[in-house]
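Take a look at the structure below. Keep it in view as you read the report.

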Amino acid sequence: VNQIREAANRTACANNMKQIFTAIAGFESSNFTYPASVRSSTGFRQGWMISILPGIEQKNVIDMYNYDWGWNSAENTTATSQKIAT
């Protein structure tokens with residue numbers, strides 16, 4: 001039973017990584033650059049994961065996220081505490 005669970009976890013992890021890499025590649029093909037590890041266009045820090053949310057179809061998290069504040073601000077706790085379902 002444990003071997004079956006481990007195999008399922010490996011498969012799920014590999015699938016998640018594939019979706020993340022696909023989203024990063026999609027971002028690069030649209031913007032001709034990879035998402036920055038941290039960007040500060042509004043004076044607040046935004047992590048790379050925010051940039052690829054559209055590529056992993058996380059509209060609900062995008063709608064919660066306030067780009068006027070940094071990813072680690074209290075205003076974005078609701079969005080940043082979401083578990084990303086890939």
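This report covers a helix, a core and a loop residue in a predicted model.

**The helix α1**

Helix α1 covers residues 2-31 and holds 30 residues. How far apart are its end C-alpha atoms? They are 43 Å apart. At 1.5 Å a residue, the helix should span 44 Å, so the two values agree. Just after α1 comes F32, with a positive phi of about 60°.

Parts of α1 are hidden. I20, A23, I24 and F27 are buried in this helix. Their cover includes α2.

**The core**

In soluble globular proteins, nonpolar side chains tend to be buried together. Here, the largest nonpolar core has ten residues. Its members are I20, A23, I24, I50, I52, L53, I56, V61, Y65 and A79. The most come from α1, with three residues.

Core member I50 touches Y65, which is also in the core. I50 touches Y67 as well; residues up to four places away in sequence are not counted here.

**The loop residue Q58**

Q58 sits in the loop between α2 and α3. Is Q58 buried or exposed? Its relative accessibility is 6%, and buried means under 20%, so Q58 counts as buried. The side chain of Q58 also reaches the backbone oxygen of I56, at 3.4 Å. I56 is itself one of the core residues.

The helices named here lie at these positions:

| Helix | Residues |
|---|---|
| α1 | 2-31 |
| α2 | 48-52 |
| α3 | 59-64 |

Conventions. Residues are numbered from 1 along each chain as its sequence is written. This is a predicted model: local features need pLDDT of at least 70, side-chain atom pairs count only at pLDDT 80 or more; totals for chains, interfaces and linings use all residues. Side-chain values use heavy atoms; hydrogens and water are left out. Helices (H or I, at least four residues) and strands (E, at least two) are DSSP runs, numbered from the N terminus. Buried means under 20% relative accessible area, exposed over 50%, partly exposed in between (1.4 Å probe, protein chains only). A polar contact is a pair of N or O atoms within 3.5 Å; within protein, one must be able to donate a hydrogen and the other to accept it, and residues adjacent in sequence count only if both atoms are side-chain atoms. The expected span of a helix is 1.5 Å times one less than its number of residues. Contact means heavy atoms within 4.5 Å. A nonpolar core is a set of buried Ala, Val, Leu, Ile, Met, Phe, Trp, Tyr and Cys residues joined through side-chain atoms within 4.5 Å.
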